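Consider the model shown here.

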Amino acid sequence: MLSPDICTRLMMALTLLLLLGAITTPIGMMRVSAANIDKPAIENEILRFSYELESWLDLTKKPCDDFFSYVCGRSLNASSNKAQQDKRLQQEQLKFNKFLELQNEEELMDAELKVKHFYDSCQNARLIEHLKSTLMYRLSGGWPAVDDSIAMLRKRRNMTWLQVLSVFHESGVPYFFKTQIELRSNKRVVEIRPDDILRYTLRKFEQLLGEVMQAYNVDAGRGRLASLEILNFERNARDIMKITVATDEKLKEYSYEDFKGLNFGSVPPLDWDNYFRKVMGKPLKATDTVIVMDLPKLIQYFELLESTTLTRFLNWLWINYLMDKTPSDCQMLTETYFGPVYRHIVQRSAINKVQMAQMYSELGQAYDQLLANTPWIDEITQQNSKLFLGRIMHFTLNGDAKLDAEYESLSITKRNFYRNMEKAQRFVAQRSKVESEAKPSTGSMAQVTQSSRTFMQTFLTINNLMQEQQNLSVPLNYVLMGQKFAEVMIGGSYVTPGAWRSMDSERQFAAFERCLGRQQQGSTTRNFNINDLILKLLAQQQAWYTYKQWLQHDDEFIQKIDRLLNAGRLQLSMEKLYFVASSLVDCQLNLMPERREIVHAFLKQSKEFQQVFQCQPRDTLYMLNKCSLL
């Protein structure tokens, strides 16, 4: 039987062969003929996007003088603007809702189906009976405010607060302190750190407390008393969070044997063997290392818990647990516990998959015809570029098969939201533990995987640049995604700038660097790496050539759109749209004023930019003697 990794590689190779065919196929052979495109739809999408651009561009700036401010200035000024973030979240919600509306579940990947079931259960399977049937509820002793059954009373009678916490911690809910376990030099090291994260203001906590009590039909008389006790406990816990710990008390290291004998103030000896057996599945060894962070704060927490009745403590725990699990929190919970699948859904839900794959194919062919045989690209870079291309095309058409493998062990149904939450929390906690212990993967496949993830995140940014219910299709995919795709296809996601570049390119690199020096009149002060500039210029050659090929498929139609765009407030054209849109994506991904220098250095070397915007010798971004790469 083939392993999931081998199956994934075979699927990628098959996708690449099916969509690319022979590498030497002339560009345009796969392109949809002019007669088959939906011209009214294309015209509508372009005009809608141009209207959206009006809210992003700064028309007080001239493109040939300060293109960065023209495209990115308003974004920089609004970087802390909550409205922009709200819009992005709204766009994500619309795309996620579109996924939820799909009727044919047979088209979904297994991981996507689990997300859909999780969300459905969050909306529809959340009665108190569902909560009471969970393992975490039964093992912890239940919620006293709603459950005084004999079985739960008996359970609570034999429980300690540390045993209760171990149930929550094992389920991935680390109240009061977090326990992180890892291997260092074949030795197990445990770090215990007090939890001091405030999720809500005290007023908001009190409001949510009342809402949870009402939602679960807690008896009014019992609820008033429980609420007073919970608020008092919450105030005491918040006071402990404010404690300032001396520098010499910040970190203490013990052997596990010494840690078990540690004096935690007035707290009696604690059964740490049972705690770690519950959380880890086995106790620690006497020689294992335990690192305690902020010990004085931890002691205060333990003394608070020791002085609190188990009934009061359980009421506080369940109120806290249920506060952020209302029906209105379902999308947030889905994103939290199914993050990779959620992002995968949002990235792919509003794109024309066939048109995107076709664009990738054309960019791949442009890569072979324009860049593959140049001194800049060696065989290893070509191999990684082809693997990246195949992987992205497979993602686009078929989804990420690895997600199914990663979530295979997680069973999710529509029947019980709280059971699903329990499973998802435990799954995320276990996966985090495995990832912390795993050695970093290396080699071409690891590089391609990282490059693919980097590129796919671009879709989340583009969601924020488009209008509601607008799909990413031809030709917006060329102007918004072409340049970024080409950059990642060529340069990957290497930490070291220029790691993608062939050793045979040193002569060309030195000549390019000297040319830049002459342009800057000998100044060597730059806040960017020349390798990154070369990457952008090579990527533009690839992406611009592919886009121009598309523009030439119907001159009359493109001229009509140009007239419509030029009549608008922005006075755009289809060619101008490429530079504006691709630069807008770039500055959204790299939202910092320092980005101006590399963007302007890039545009000064681009004869296409200066021709499209008709820059004149008096303009800042006009450069007569450009530095050539190819």
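The text below goes through the disulfides, then the pocket.

This is a predicted model, in which local features need pLDDT of at least 70, side-chain atom pairs count only at pLDDT 80 or more, and totals for chains, interfaces and linings use all residues. Residues are numbered from 1 along each chain as its sequence is written, and side-chain values use heavy atoms, with hydrogens and water left out.

Three disulfides are present, a disulfide being a pair of cysteine sulfur atoms within 2.5 Å. Cys64 and Cys615 are bonded with sulfur atoms 2.0 Å apart. The pair links distant parts of the chain, 551 residues apart, with Cys64 in helix α3 (residues 63-77) and Cys615 in the segment after α30 (607-612). Helices here are DSSP runs (H or I, at least four residues) and strands likewise (E, at least two), numbered from the N terminus. Cys122 pairs with Cys330; the torsion about their S-S bond is about -85°, so this disulfide is left-handed. Cys330 is buried, at a relative accessible area of 0%, where buried means under 20% relative accessible area, exposed over 50% and partly exposed in between (1.4 Å probe, protein chains only). Cys515 is joined to Cys627, and that link is left-handed too, with -90° about the S-S bond.

The largest pocket is lined by 44 residues, with Gly172, Val173, Pro174, Tyr175 and Lys178 nearest its centre. On a 1 Å grid over the protein atoms alone, a pocket is an open set of points where a 1.4 Å probe fits, with protein on both sides within 12 Å along at least five of seven lines; lining residues have an atom within 4 Å of a point. Helix α21 gives the most to this lining, seven residues.
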